[in-house]
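Please examine the protein chain shown below before reading on.

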Amino acid sequence: MQKLIEALNTLTDTRRQWGNIRHKLVDIVFIGLVSVICGGTDFEHMEDTGYAKLEWFKSIIELPNGVPDSDTFRRVFERLDPQELASVLQDTVNVEGKTVALDGKTICGSGNEQHRAYHVVSAWVTENQITLGQLVIEEKSNEIKAVPELLRMLDIEGSTVTADAMSCQKNIASKIIEKGANYVLSLKGNQQTLLEDVQLYFENESTPSHRTLEKDHGRVESREYFLETEIDWLQQKAEWAGLRGIGMVKSSVTTMKTGESREECRYFITSLTDIQSFATAVRSHWSIENQLHWQLDVLFHEDDCRARRDNSPLNLNILRKEALRRLKQTDMGKRVSLHRKMSRASMNNDALTAVLAAE
């Protein structure tokens, strides 16, 4: 934990230095992170966690004037720089050969009379299940402008970046190639002409494929991946930086109990030329929905949080992602779920120490 405390000590204190500052910034942020790991959802819970584990906290941090109250936690997280907090907490990740999924999530409870609910665009390393970076915007429609800015901030060289159809934009593809990465971008109606050309090609041409079959949760999922790299005929090829292939995925999901089936075809553009790499990237992209966004809602109740002012929604979002990372990396046995890890951390200081020490 000493490494964590030293990192938090580098944070810039944005409070008025001539005011009555009774609590150290590192103490406030550390208690806040511990509270989230233990299942806390608001500033009141941060104060309660401080008192519940007071003796344990005193063995690690100074607390010169005792436990801060909930209003102190609220004011600090409203003013703290989110990008600095994220850079301090997030480890450096080698993404070479890995998939970096880009997607946005709206923090539903963060809207108020002054602004709409914040929308956070995250870069998620699917193999490590670690957030590489994030950027906050005030609505989903601004995601197109936010993605290039997020990419500018990240070191993604050697990775494959995946994104949904909203991010299927020429400037985004160009930025990914400029950063030394490959891309797999979902293709839908916002690129109508390109979509129609790709659909028409796969309807009339035979292309080598790669098939997978999975059985889980009472369902059988069959996926067939197609990749075509001979695309000199494609008129739009020169308009897209690094474009080397077009792809299609046919998926079929059958419910074993009822026998009902659902089929779907999805289309992509990519800079990849290997069908196995293409299939892995497409499949990996859903990790950001299942392993990040779903966990933030179900495990941490993010959408129920009513922190709305200034930087507090994004700072709490960053604490949740850091708590999720540490919980995932803590080994408490095969059958111990993330929820049970949080419960153990809240009741047992040895378990909490193990989570905070996770690498």
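This is a predicted model: local features need pLDDT of at least 70, side-chain atom pairs count only at pLDDT 80 or more; totals for chains, interfaces and linings use all residues.

Residues are numbered from 1 along each chain as its sequence is written, and side-chain values use heavy atoms, with hydrogens and water left out.

The protein chain contains 14 helices and nine strands; these are DSSP runs numbered from the N terminus, helices being H or I of at least four residues and strands E of at least two. For 359 residues, a compact globule would have a radius of gyration near 21 Å, and the 23 Å of the protein chain agrees with this. That radius is taken over C-alpha atoms, and the globule rule is 2.2 Å times the number of residues to the power 0.38. Along the principal axes, the C-alpha atoms fill a box of roughly 75 × 45 × 40 Å.

Of the 359 residues, 51% count as buried, where buried means under 20% relative accessible area, exposed over 50%, and partly exposed in between (1.4 Å probe, protein chains only). Contact means heavy atoms within 4.5 Å. Among contacts between residues at least 6 apart in sequence, 63% join residues at least 24 apart.

The interior comes next. In soluble globular proteins, nonpolar side chains tend to be buried together. Here the largest nonpolar core has 56 residues, and those with the most contacts inside it are L8, F30, I37, F300, L319 and L356. Such a core is a set of buried Ala, Val, Leu, Ile, Met, Phe, Trp, Tyr and Cys residues joined through side-chain atoms within 4.5 Å. Helix α2 (residues 25-37) gives the most to this core, with 10 residues. Leaving aside neighbours within four places in sequence, L356 is in contact with M1, L4, F30, L33, V34, I37, W56 and R326. Apart from this core lies another, of 41 residues, with V121, A146, L154 and L195 among them.

Is L102 buried or exposed? L102 has a relative accessible area of 3% and is therefore buried. This residue belongs to strand β1 (residues 99-106). Beyond its neighbours within four places in sequence, L102 is in contact with several residues, including S122, A123, V147, L150, L151, H285 and I288. L102 and W124 are 22 residues apart along the chain, and their C-alpha atoms are separated by 6.5 Å.

V136, in strand β3, is partly exposed, with a relative accessible area of 31%. V136 and M332 are 196 residues apart in sequence and 33 Å apart in space, C-alpha to C-alpha.

Most residues other than glycine have a negative phi. Q129, however, has a positive phi of about 55 degrees although it is not a glycine. Q129 sits in the loop between β2 (119-125) and β3 (130-137) and is partly exposed, at a relative accessible area of 24%. H301, which is not a glycine, likewise has a positive phi of about 55 degrees. The loop that holds H301 runs between α11 (287-298) and α12 (312-328), and H301 is partly exposed, with a relative accessible area of 38%.
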